[in-house]
Amino acid sequence: MKLSQFKFRLPEELVALEPSCRVFKNEDGTVDKIYHRDECRLMLVHRKSERIEMFQKDAKGNDTEHFLTFRDSLKYFGEGDVFVFNDTKVFPARLYGTKEKTDAKIEVFLLRELNEELRLWDVLVEPARKIRIGNKLFFEDDGPMVAEVIDNTTSRGRTLRFLYDCPHDEFKRELFALGESPLPRYIVDNRPYTSDDIENFQTIFARNEGAVTAPATGLHFSREMMKMMEIRGISPAFVTLHCGLGNFDPIEVEDLTKHKMSSEQMVVSQEACNLVNRAKADGKNVCIVGTSTMRATETAVGTDGLLKEYDGWTNKFIFPPYEFGLATAMMANFYHPESPMMMSTAAFGGYDLVYEAYNQAVKNGYKFGCYGDCMLILDD
């Protein structure tokens with residue numbers, strides 16, 4: 001397929017800058033927000049019958065004026081079904097420092113640690129033109145956190161060596177204490193960072209640290225939702241894929257077969273394989289939660305349609321047409337035009353049907369992006 005086939009007009013006001021919330025105005029004029037991550041809108045896409053549903057039904061099965069919400073998604077699953085989640089944990093990757101001598105403000109975005117003993121990190125810097133090999137960056141006015149630039153890796157990429165003499169655990173703790181949750185640029189460029197983002201930009205089941213952006217669809221699951229799954233007999237299976245920034249890089253080729261995704265580290269445990277493969281053998285649903293989870297499971301699925309243990313890296317790029325080997329259902333947020341996440345969703349649901357779902361989402365005011373609304377694609 002061609003890149004241009006994934007273009008559409010996304011009004012700026014439809015890009016979600018925060019999760020679903022209820023706003024309360026206090027007597028003194030201040031505003032309080034209570035976030036409900038499981039109350040976003042839900043759109044149902046039936047890929048075989050090619051139906052799209054947006055509204056809740058009345059007792060006679062007719063559409064009401066009330067939109068489906070994310071909590072409604074569990075109605076379509078039951079005993080023995082499995083949801084596959086990405087349990088990667090986002091670390092506070094965005095830091096702000098100053099350049100020695102000039103005091104110029106520099107944004108440093110941590111990507112991954114290269115060498116624990118030497119305190120080497122692969123980072124992105126902004127503005128990059130000001131940062132050269134040998135420069136030192138200071139991250140506190142009077143604090144000890146200092147880094148030296150020792151290599152240029154890309155136009156914005158640098159290798160930093162942190163000059164901090166202490167046990168590694170203490171160093172990581174101090175470094176992360178200086179950072180912010182790495183919200184996408186389309187959010188941080190349009191509103192201030194808040195302390196709420198620390199919790200909001202992390203799934204409730206995150207446990208394996210290594211991501212620099214959240215597995216967005218998993219953000220909708222609340223503790224109440226997980227309990228409701230347990231009551232209905234739906235089992236969670238967890239895989240790990242450390243989400244990088246590759247999904248936000250612009251695709252610069254019209255022919256999608258020529259696009260190369262950045263590699264991401266992933267792990268699929270035997271425990272996850274057992275849960276998923278048992279559901280497959282019993283003819284139950286396997287619902288993949290999010291495009292990063294889909295990338296991981298499609299990397300690890302065998303030719304027999306069963307999930308295999310995996311510990312390594314993947315640069316799998318999923319776009320239509322694509323033959324899936326594992327999932328019977330998929331959840332995904334609504335994403336920006338020409339994004340790999342949109343392409344992965346269209347590959348599972350069918351290009352024409354998903355493109356029409358996106359058109360309906362825009363017409364009906366659905367929210368897009370990592371804090372946006374959700375689509376559930378069912379195999380019926």
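**View 1. A cluster of rings in a predicted model.** Here we zoom in on Phe8, Phe55, Phe67, Phe334, Tyr358, Tyr366 and Phe368, which ring pairs link into a cluster. Keep in mind that the model is predicted. A search of the whole structure turns up 28 aromatic pairs.

View 2. The charged end of Arg41 sits over the ring of Phe67, 3.7 Å from its centre. That charged end also sits over the ring of Tyr366, at 5.0 Å from the ring centre. Phe67 and Tyr366 both belong to the cluster of View 1.

**View 3. Phe324 meets Phe348.** Ring centres 5.1 Å apart and planes at 85 degrees make this pair edge-to-face. Phe324 comes from the loop between strand 19 (310–314) and strand 20 (329–333) while Phe348 is in helix 7, so the pair ties together parts 24 residues apart in sequence. Both Phe324 and Phe348 are buried.

View 4. Tyr358 sits in helix 8 (residues 351–363), and Phe368 in the loop between helix 8 and strand 21 (374–378), 10 residues apart. Tyr358 has a relative accessible area of 1%, so it counts as buried; Phe368, at 0% relative accessibility, is buried as well.

**View 5. The largest cavity.** About 70 Å³ of space lies in here, and the structure holds 1 cavity of 30 Å³ or more. Residues lining the largest cavity include Asn247, Met261, Arg295, Lys316 and Phe317. Helix 7 (340–349) and helix 6 (291–300) each supply at least two lining residues, with helix 7 giving the most, 3 residues. By class, the lining has 5 nonpolar, 3 polar and 2 charged residues.

How values were computed
Residues are numbered from 1 along each chain as its sequence is written. This is a predicted model: local features need pLDDT of at least 70, side-chain atom pairs count only at pLDDT 80 or more; totals for chains, interfaces and linings use all residues. Side-chain values use heavy atoms; hydrogens and water are left out. On a 1 Å grid over the protein atoms alone, a cavity is a set of points where a 1.4 Å probe fits but cannot get out, and a pocket is an open set with protein on both sides within 12 Å along at least five of seven lines; lining residues have an atom within 4 Å of a point. Grid points are joined across faces, edges and corners, and a volume is the space filled by probe spheres set on the points. Helices (H or I, at least four residues) and strands (E, at least two) are DSSP runs, numbered from the N terminus. Ala, Val, Leu, Ile, Met, Phe, Trp, Tyr, Cys and Pro count as nonpolar, Asp, Glu, Lys and Arg as charged, and the others, Gly among them, as polar. Rings of Phe, Tyr and Trp (its six-membered ring) pair if their centres lie within 6.5 Å; planes under 30 degrees apart count as stacked, over 60 as edge-to-face and the rest as tilted. Buried means under 20% relative accessible area, exposed over 50%, partly exposed in between (1.4 Å probe, protein chains only). A charge sits over a ring if NZ of Lys or CZ of Arg is within 6 Å of the ring centre and within 35 degrees of the ring normal.
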